[in-house]
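Visitor: I am new to this structure. Please show me how to read its features, one at a time.

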Amino acid sequence: MPQEDFADLVRRAVRDANVPTLLMVLVQLTGDTRWLADPYRPTRGRGLSENDSGGLPVDVQEEIRHAAADAIIAWHDGRPMAVPEPDESLLTRMLSVAMGEEIPAEYGPMIADDLRTALNAAPALPDVPRPPDGFSAIVIGAGISGMLAAHHLRQAGIACTIIESGERVGGTWWHNRYPGCGVDVPSHLYSFSGVVADWPYYYATRDEIHAYLESVAAEWDIPGCTRFSTRATAARWDEAGRQWSVEIAGPDGTREVLRADILISGVGAFGKPKLPDVPGLDRFAGTWCHTATWPEGLDLAGKRVGVIGNGASAMQVVPAIAGTAEFLTVFQRSAHWVAPFEKFRVPVPDPVRFLLREVPLYRSWYRQRLAWVLNDTLYQALQKDPDWPHQDRSINAINEGHRRFFTRYISAELAGRPDLVEKVTPSYPPFGKRILLDNGWYRTLKRDDVELVTDSIAEITEHGIRLVSGREVELDVIVFATGFDVVRFLSSVELTGRGGRTLGDVWHGDDARAYLGTTVPGFPNLFCLYGPNTQAGHGGSLIFYLECQMRYVLSLLGQMFDAGATVAEVRAEVSDKYNEDVDAAHERMIWTQPGFTTYYRNSRGRVVVANPWRVIDWWQMTKEAVLSDYHLDGPGAGGPR
């Protein structure tokens, strides 16, 4: 691109760019640290706000924008970056200024690692020594986890085959197509590290996410190693052959057995829709569906529609179909805390998209700020204070502050409707259930053609839903927005490890435990991505957690190959100790607080979904495998040890 065109685009872009991010760009491009001092220091943003203005006076903003444009244009014209790799002390100081709050020094190494990856100055995952000849892997699932695993395994020289039950890549983003479906994590954070994405909206819709995954899959040649419309039905560890034997069923039902040295689960947790135990569904004369199985071409115009559930999927689908349906009835079992959604369906201005595409430094710092807002800033609000006097409504002083903020927001959004305020205000502490983002939910509930019902459902009848009160709501369509069976990890495949024990038996159905959510004693060379206790309960991007897991797997494989081994199995005492620590950490956190239910907990009340660690803790835990945590086996390892 000619320099004059680039300069013009940059000057247009900085008008809408994030000011705290521009400050970070200025410091690295010019080396001038005066930009980290007053009067340029941004104030702290509120909640999930990106704080685009930095809270600064307009004249100061303009000075920063003008200087940043000059520095970016000079960089594009050939002037080298003054501080290409800030040391960890400077990085934490820079991020502290950008966020308007003190960032602890312990975050320095993680910030440096993330920036190097985002700037493509270092690989996202470790190098792996050459694997033994013929060493291979089978990956179950071609969603985000499976794509990530297959790409990096192949980069390491490991032959890989993906088994995918769907017709295309994308996993949950391929199967879920209900109106309003989208992500509640900023698009630029819900992305693979080091992969540049040109997101049209700050928060992407399902179609935009799937298009992104298709694009990445093409770049990584994922279709070239994937068997689509094929199900993995069972897998068994072969003791003598030191391999996994995987039974698959092709699109025509043909059965086949594949063999590989390692097996990676990328099946995720949101693959099995959950229906409530409500009698009478077989009698319903109308149309019904789960949000995850939305029928193509379903016409709701002029229909009386009932939506059962008010969690994340309901909060997306209800505003999307209100106004199309003749009348919409929402059946709420329990209320959810809801946060303002500042950038819902807000497009990224074209000049800013240009800046994010063409200026890696801006893109990396913009992503770094998003990560901090969504990562560990909430962690202290989730810790129980045993001396806190209001345990019924909050768990500590910070949590009580969140409650006041959210209740004020509810009252403001539902002004004039005290009946709705009473119905939607939760009684339990904020963050006890997953916090949802308001994409028009409260405004939709105020519509004349929408009703929120909080009475319990007794049964489904031929013509609709009968409530416990005796009232019958006549419906033409019932939509179940009731989530997924997330606590039964890997239940779609019967996995048999050493001694003929199945994973289902070891986990007693819904009591899944794994070391770092990744490996299980008795199941050699089995690695679970998005396994138990790996969901970012307090915030952040799932993709970051998965990349940490994959980095750990590659670290283990590399050390295993160096030791002359081909088999690694985590020691039972190591896994047991880790899971004891997980449970102990959860006992100190909100998700074990009595008074509410959450899909994070299993039938025994144990938290099996959410990750209890700070993001920095998870990053450190998974940075490098410790070989002594494993039993090794294989021809070059001298037998089991």
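Guide: Start with ring pairs. Rings of Phe, Tyr and Trp (its six-membered ring) pair if their centres lie within 6.5 Å; planes under 30 degrees apart count as stacked, over 60 as edge-to-face and the rest as tilted. A search of the whole structure finds 24 aromatic pairs. One of them joins F6 and F354, with 5.5 Å between centres and 65 degrees between planes, which is edge-to-face. Before we go on, two notes on the source. This is a predicted model: local features need pLDDT of at least 70, side-chain atom pairs count only at pLDDT 80 or more, and totals for chains, interfaces and linings use all residues. Residues are numbered from 1 along each chain as its sequence is written, and side-chain values use heavy atoms, with hydrogens and water left out.

Visitor: Which helices hold F6 and F354?

Guide: First, the naming. Helices (H or I, at least four residues) and strands (E, at least two) are DSSP runs, numbered from the N terminus. F6 lies in helix α1 (residues 3-13) and F354 in helix α10 (residues 350-358), so the pair ties together parts that are 348 residues apart in sequence.

Visitor: Are F6 and F354 buried or exposed?

Guide: Buried means under 20% relative accessible area, exposed means over 50%, and partly exposed is in between (1.4 Å probe, protein chains only). F6 and F354 are both buried.

Visitor: What does a tilted pair look like here?

Guide: Take F341 and F344. Their centres are 5.3 Å apart, with 40 degrees between the planes, and the pair is tilted. F341 is buried, at 14% relative accessibility. F344 is partly exposed, at 33%.

Visitor: Which residues do ring pairs link into a cluster?

Guide: The cluster consists of F192, W199, Y212 and W220.

Visitor: Where does a charge sit over a ring?

Guide: The rule asks for NZ of Lys or CZ of Arg within 6 Å of the ring centre and within 35 degrees of the ring normal. R34 has its charged end over the ring of W35, 4.2 Å from the centre. K433 lies over the face of Y428, and here the distance to the ring centre is 5.8 Å.

Visitor: How do I read a salt bridge?

Guide: Look for a side-chain nitrogen of Lys or Arg within 4 Å of a carboxyl oxygen of Asp or Glu. The whole structure has 41 salt bridges. R34 is partly exposed at 40% relative accessibility. D32 is partly exposed too, at 27%.

Visitor: Which strands are linked by R259 and D238?

Guide: R259 and D238 form a salt bridge, with their closest N and O atoms 2.7 Å apart. R259 is in strand β6 (residues 255-260) and D238 in strand β4 (residues 231-238), 21 residues apart. R259 is partly exposed, with a relative accessible area of 41%. D238 is partly exposed at 23%.

Visitor: Where are D583 and R513?

Guide: Their side chains meet in a salt bridge of 3.5 Å, N to O. D583 is in helix α17 (residues 572-587), and R513 is in the loop between α15 (503-506) and β19 (526-528), 70 residues apart. D583 is partly exposed at 23% relative accessibility, and R513 is partly exposed at 31%.

Visitor: Which residues are linked in a network of salt bridges?

Guide: D198, D350, R353 and R357 are linked in this way.

Visitor: What is R65 in contact with?

Guide: Contact means heavy atoms within 4.5 Å. Leaving aside neighbours within four places in sequence, R65 touches V14, R15, D16, A17, V19 and L22. The backbone oxygen of V14 lies 2.6 Å from a polar atom of the R65 side chain. R65 is in helix α3 (residues 58-76) and is buried, with a relative accessible area of 9%.

Visitor: How many helices and strands are there in the chain?

Guide: The chain has 18 helices and 21 strands. Of its 641 residues, 58% count as buried. Its C-alpha atoms fill a box of roughly 75 × 70 × 55 Å, taken along the principal axes. Among contacts between residues at least 6 apart in sequence, 71% join residues at least 24 apart.

Methods. Polar contact = N/O pair within 3.5 Å; in protein donor to acceptor, adjacent residues only side chain to side chain.
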